[in-house]
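Open the model in your viewer and show the side chains. This tour goes from ring to ring.

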Amino acid sequence: EVQLAESGGGLVQAGGSLRLSCVASGFTFDDYAIGWFRQAAGKEREGVSSISNNDGSTYYKDSVKGRFTISSDHAKATVFLQMNNLKPEDTGVYYCAAVYYIGRMLDLPPREYEHWGQGTQVTVSS
């Protein structure tokens, strides 16, 4: 069974950092893309960052470029999202998702992802 499990969310002050983890199981990790999405209260789910585990290419939402870094530990089938210099607008529930994907990472919409984790709350206070 395909499973994704997020962790690492919490409450931080603006300017602080968090590292989110997404542990994957039940599929061939290197043949999939893993994306991080977030959903703020009253807003649509949006793509934050994603990585193609086939070639290592990445995508970042413009507003997080230079602040967030996505990476994969293939041995542990885990994707991390290091979030630095957090801002209140980064607040939301963060989800990881997986889809079979080969090649350069593109900004894939949520509907293209087949498997989802349960989410982890990130709250950034001002």
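Start with Phe37 and Tyr113. Are they buried or exposed? Both Phe37 and Tyr113 are buried. Keep in mind that you are looking at a predicted model.

**The wider search.** Six aromatic pairs turn up when the whole structure is searched. The next stops show two of these pairs.

**Stop one: Tyr32 and Tyr100.** Select both residues. Their rings make an edge-to-face aromatic pair. The centres are 5.8 Å apart, with 85° between the planes. Now colour by strand. Tyr32 is in strand β4, residues 32-39. Tyr100 is in strand β9, residues 92-100. The pair therefore links distant parts of the chain, 68 residues apart. Why does Tyr32 count as buried? Its relative accessible area is 12%, and buried means under 20%.

**Stop two: back to Phe37 and Tyr113.** Turn the view until you see both rings. Their centres lie 5.0 Å apart and their planes meet at 80°, so this pair is edge-to-face. The cut-off for that label is over 60 degrees. Where do the two residues sit? Phe37 lies in strand β4, and Tyr113 in the loop between β9 and β10 (115-116). The pair so ties together parts that are 76 residues apart in sequence.

**Stop three: the cluster.** With Phe37 and Tyr113, they form one aromatic cluster.

**Last stop: Arg45.** Which rings does its charged end sit over? Arg45 lies over the face of Tyr95, 4.0 Å from the ring centre. The charged end of Arg45 also sits over the ring of Trp116, 4.8 Å from its centre.

Key:
Residues numbered from 1 in each chain as written. Predicted model: local features only at pLDDT ≥ 70, side-chain atom pairs only at ≥ 80, totals over all residues. Heavy atoms only, no water. Phe/Tyr/Trp six-rings, centres within 6.5 Å; stacked < 30°, edge-to-face > 60°. Helix = DSSP H or I, 4+ residues; strand = E, 2+ residues; numbered from the N terminus. Buried < 20%, exposed > 50% of the residue type's maximum accessible area, 1.4 Å probe, protein only. Lys NZ or Arg CZ within 6 Å of the ring centre and 35° of its normal.
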